[in-house]
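These are my notebook entries on a structure that I examined for the first time. I set down what I looked up, in the order in which I looked it up.

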Amino acid sequence: MTEQQVYIRFPEDTDAVELTAMYKRNREFFEEHSPDVPDEFYTEEYQRDRILKYKEDRAADDRYDFLVCHKADDRIIGTVGLSFVVRGPLQSCMIGYSLDKDYNGKGYMTEAVKQVVRYAFEELKFHRITGEASPGNPGSIRVLENAGFHKEGIAQRNVKIRGVWEDHQILAILNPSDLI
């Protein structure tokens, strides 16, 4: 097995500056496949507020957001989030992620997604995690498949991106401890 190249951690207040810089650097790149965000999204104040909200959401078991850090220099190179948390008989959530364009294609996001999935199954006791990606973004679909997700179908006109309702490939992974 290859040595781990990235690690995940929860964001801290002090990460707002670096996180804002990453989003600004990748704004055009991320906007190709992501829903619209307000211009304020690209400010340190907005990111600091989001980090505070992440802590509240985590405490309420509503959402879990992680930073992806490059192990060699501890630089923030991406994010992974678990949202749409449903407990009770479903025990499910949805995964979403973004990676700095300069780090794409090196397996970093697959590694980070695997780490988040392990945390979600072992620590948070989820049964099922879904992920969605635009068919026009094959790299994102590959990340999920390489992390063990399987294709389930296409959600038609599912997400509005750049003013257009786009189809998304739905993928899922089940907690292996629940399959016994």
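**Entry 1: a proline in a loop.** I began with Pro89, which lies in the loop between strand S3 (76-86) and strand S4 (92-99). I bear in mind that the model is predicted. Is Pro89 buried or exposed? I found a relative accessible area of 87% for Pro89, so the residue is exposed, the cut-off being over 50%.

**Entry 2: the annotated span.** I consulted UniProt, where an unreviewed entry lists residues 8-176 as "domain: N-acetyltransferase". In the model, I noted 33% helix and 34% strand for this span. The C-alpha atoms at the ends of residues 8-176 lie 22 Å apart.

**Entry 3: aromatic rings.** I looked up the ring pairs and recorded a count of nine aromatic pairs. In the pair of Phe41 and Tyr42, the ring centres are 5.1 Å apart and the planes stand at 75 degrees; the pair is therefore edge-to-face, as the angle is over 60 degrees. Phe41 has a relative accessible area of 9% and is buried. Tyr42 is likewise buried, at 7% relative accessibility. I also noted a cluster that ring pairs form from Tyr23, Phe29, Phe30, Phe41, Tyr42 and Tyr46.

**Entry 4: charges over rings.** Which ring does the charged end of Arg58 sit over? I found it over the ring of Phe10, 3.9 Å from the ring centre. I recorded Arg87 over the face of Phe126, at 4.2 Å from the centre of that ring.

Note on methods:
Residues numbered from 1 in each chain as written. Predicted model: local features only at pLDDT ≥ 70, side-chain atom pairs only at ≥ 80, totals over all residues. Heavy atoms only, no water. Phe/Tyr/Trp six-rings, centres within 6.5 Å; stacked < 30°, edge-to-face > 60°. Buried < 20%, exposed > 50% of the residue type's maximum accessible area, 1.4 Å probe, protein only. Lys NZ or Arg CZ within 6 Å of the ring centre and 35° of its normal. UniProt positions renumbered as here; feature names shortened; annotations may be inferred. Helix = DSSP H or I, 4+ residues; strand = E, 2+ residues; numbered from the N terminus.
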